[in-house]
Amino acid sequence: MRVLKLIFKNSLRHKLRTSLTILGLAIAVMAFGVLRTVLDMWNEGVEAAAANRLIARQAVSFIFPLPYSYRDKIAKIPGVETVSFANWFQGVYIDKNNFFARMAVDPETFFSVYPELLVNQKEFETFKQERNSCIVGAEIAKQYGFKIGDVIPIEGDIYPGKWEFVVRGIYQPRDKSTDATQMLFHWTYIDERIKQDMPGRAGQVGWYIIKIKDPAQAASISEQVDALFKNSPNATKTETERAFTQSFISGLNSLLQAMNFVSFIIIGIIMLVLGNTMIMSARERTREYAVLKTLGFSAGHLVGLILGESLLIAALGAGLGLLTTYPIVAGISAVMPKGFFPYFFVTPTTIILGASAALLVGFTASIFPIQRALRTRIVDGLRFLG
Amino acid sequence: MPNTLIDIKNLFKSYWRDSIEIPVLNDITLEVHDGEFLALMGPSGSGKTTLLNLIAGIDRPSKGSLTVSGTNIADLGESALAKWRSQHVGFVFQFYNLLPVLTAFENVELPLLLTSLSKAERKKHVELVLDVVGLGDRMHHYPKQLSGGQEQRVAIARAIVTDPTLLVADEPTGDLDKHSAEEILVLLDRLNQEFKKTIVMVTHDPRAAERATIQRHLDKGELS
Ligand SMILES: Nc1ncnc2c1ncn2[C@@H]1O[C@H](COP(=O)(O)OP(=O)(O)OP(=O)(O)O)[C@@H](O)[C@H]1O
Ligand SMILES: [Mg+2]
């Protein structure tokens with residue numbers, strides 16, 4: 001308690017220097033927090049992908065469709081539990097900036113292959129019965145004020161024309177990483193209209209989602225699916241959802257690695273900032289430390305004094321930095337179109353990492369000053385002239 | 001004859017700089033008795049501060065014996081020596097050496113933090129000694145709000161607050177004007193006469209030395 005007061009008073013001695021140091025630490029910790037959050041966002045996306053789901057897509061490119069007829073053939077492969085499918089519908093809801101995923105799905109199977117999308121039974125039943133109905137994620141329901149019975153008009157682009165969907169259900173995300181920003185409607189509703197307008201494009205699905213019984217069989221089932229259509233014009237490429245998500249991200253891999261690296265460089269910078277301040281302070285106080293030793297204060301007292309000050313500054317900087325991370329992350333996610341990054345939030349791990357990094361920095365920054373204070377003999381310290 | 005408080009026999013001290021030995025004190029023998037007020041004089045660089053530091057236990061002799069209030073302090077380990085200092089010696093420096101972030105009260109309280117005294121007891125002691133040095137009304141001033149003479153009086157209060165047997169002062173008036181210097185000397189005199197403190201004071205100032213009961217001269221590390 002007694003030393004605490006001196007620590008406080010010491011750290012307030014150069015108010016400007018201490019404030020700048022704390023500010024520097026705060027900015028660095030905040031940058032660290034934001035970077036880690038962005039990294040987490042990507043990784044969460046991969047983590048959220050289930051290991052018991054396979055995605056079969058057109059082998060050449062994701063943008064080419066597959067025939068609807070594949071559905072039954074895939075379903076016959078042993079080990080396959082459910083085959084579902086979806087089409088990327090896109091379209092525009094009032095304004096191009098209102099971005100959220102809009103997909104035509106198979107109402108019977110889609111929610112059973114995605115158990116993390118929670119929808120109540122009654123809503124689900126009405127949804128299945130009405131061909132032009134849709135189910136929306138809780139997050140976009142909240143954002144755009146969609147309620148049961150509302151009609152959502154969509155201006156088609158991939159599927160031209162004006163479309164209208166009646167909201168018949170709102171699904172809740174099961175996990176924090178579950179995407180609650182999708183709008184899902186009947187594939188058959190789309191396909192029937194396409195059959196009349198553009199017969200050549202009817203009977204096509206964007207990709208198949210295959211729920212398998214045993215994740216260990218993922219590789220062998222994937223191979224079997226691809227083997228089925230190997231010599232057709234529409235060969236497939238089947239992989240686990242996780243691998244599929246990863247291949248999306250893989251283009252960004254080096255960027256992510258760079259960001260990871262930068263986030264640790266930032267820790268190094270914090271260390272230098274605080275280290276510099278502590279070394280300057282300790283140097284100025286050489287004589288005072290000698291006086292304290294003269295009065296009988298022990299090495300332990302000096303360690304407490306210097307380490308305490310270093311930790312105090314580090315803690316204030318980290319606290320401020322972590323606190324500002326939240327509004328910054330919220331700000332970034334607010335300006336980003338909804339649905340691009342459904343997993344954008346500060347994880348406890350980021351907070352713990354940031355806080356322990358600051359703690360570590362506090363310790364490290366005090367090593368040299370402590371060494372110096374302990375090594376300086378009293379007589380030399382007393383002769384020291386700033 | 002009063003007790004011998006400081007007993008120095010054939011004391012040598014050299015400093016080492018880049019493996020070159022710089023002899024500073026050469027075969028010093030000195031006795032100081034309880035209640036004496038010794039003034040150490042001598043030219044600059046003669047080793048006065050060095051001798052004072054040895055007596056006060058903040059430096060170690062190269063050779064010889066150094067007994068202060070019955071303890072051969074040359075033999076004490078680092079932490080034992082620190083403890084011994086806090087119990088037996090009060091320090092007064094030329095440049096006061098108060099901690100600038102602490103008030104007069106807190107500076108004086110500092111040595112008491114190492115004792116088992118309660119907060120209330122510490123307060124009583126601190127107020128008492130600040131009254132002795134005539135600064136009872138300046139307790140909550142910071143060093144930079146005080147004059148040099150007042151700072152030195154705070155330093156003296158800090159030196160006597162633990163009631164040590166021995167007071168060492170290294171040119172306590174060296175940085176003060178004539179008037180303030182006089183006040184400090186009167187105070188030291190009083191501490192010696194009234195409170196029976198044994199004082200060893202290094203000084204250049206002959207008028208300061210006159211206050212002392214004994215004067216010794218140091219020249220090129222030899223005492224006369
Ligand atoms: N810590 C030290 N390291 C190396 N040399 C020292 C140290 N302290 C003193 N000396 C040297 O020892 C000699 C005596 O120094 P000391 O400070 O004891 O002299 P002094 O009599 O107090 O002088 P002054 O009147 O100028 O204060 C000087 O030559 C000084 O350079
Ligand atoms: Mg000197």
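Q: How do the residues of the shell around ligand 1 divide into nonpolar, polar and charged?
A: This is a predicted model, in which local features need pLDDT of at least 70 and side-chain atom pairs pLDDT 80 or more, while totals for chains, interfaces and linings use all residues. Residues are numbered from 1 along each chain as written, chains are lettered from A and ligands numbered from 1 in written order, and side-chain values use heavy atoms without hydrogens or water. Asp, Glu, Lys and Arg count as charged, Gly among the polar residues. The shell divides into three nonpolar, seven polar and five charged.

Q: Why is the site of ligand 1 shared, and between which chains?
A: A residue is near the ligand if one of its heavy atoms lies within 4 Å of it. Ser44(B), Gly45(B), Lys48(B), Thr49(B) and Thr50(B) come nearest among the 15 residues around ligand 1. The site is shared because the surrounding residues come from chains A and B.

Q: Which element supplies the largest share of the shell around ligand 1?
A: Helix 14 (378-383) of chain A, and strand 1 (4-17) and helix 1 (48-56) of chain B, each supply at least two shell residues. The largest share, three residues, comes from helix 1 of chain B.

Q: Which side chain has an N or O atom 2.6 Å from an oxygen atom of ligand 1?
A: Polar contacts are pairs of N or O atoms within 3.5 Å. Ligand oxygen lies 2.8 Å from a polar backbone atom of Gly45(B) and 3.2 Å from one of Ser46(B). The side chain at 2.6 Å is that of Thr49(B).

Q: How much of the area that ligand 1 exposes alone does the protein bury?
A: Accessible areas follow the Shrake-Rupley method with a 1.4 Å probe. Taken alone, ligand 1 exposes 630 Å², and the protein buries 78%.

How values were computed. Polar contact = N/O pair within 3.5 Å; in protein donor to acceptor, adjacent residues only side chain to side chain. Helix = DSSP H or I, 4+ residues; strand = E, 2+ residues; numbered from the N terminus.
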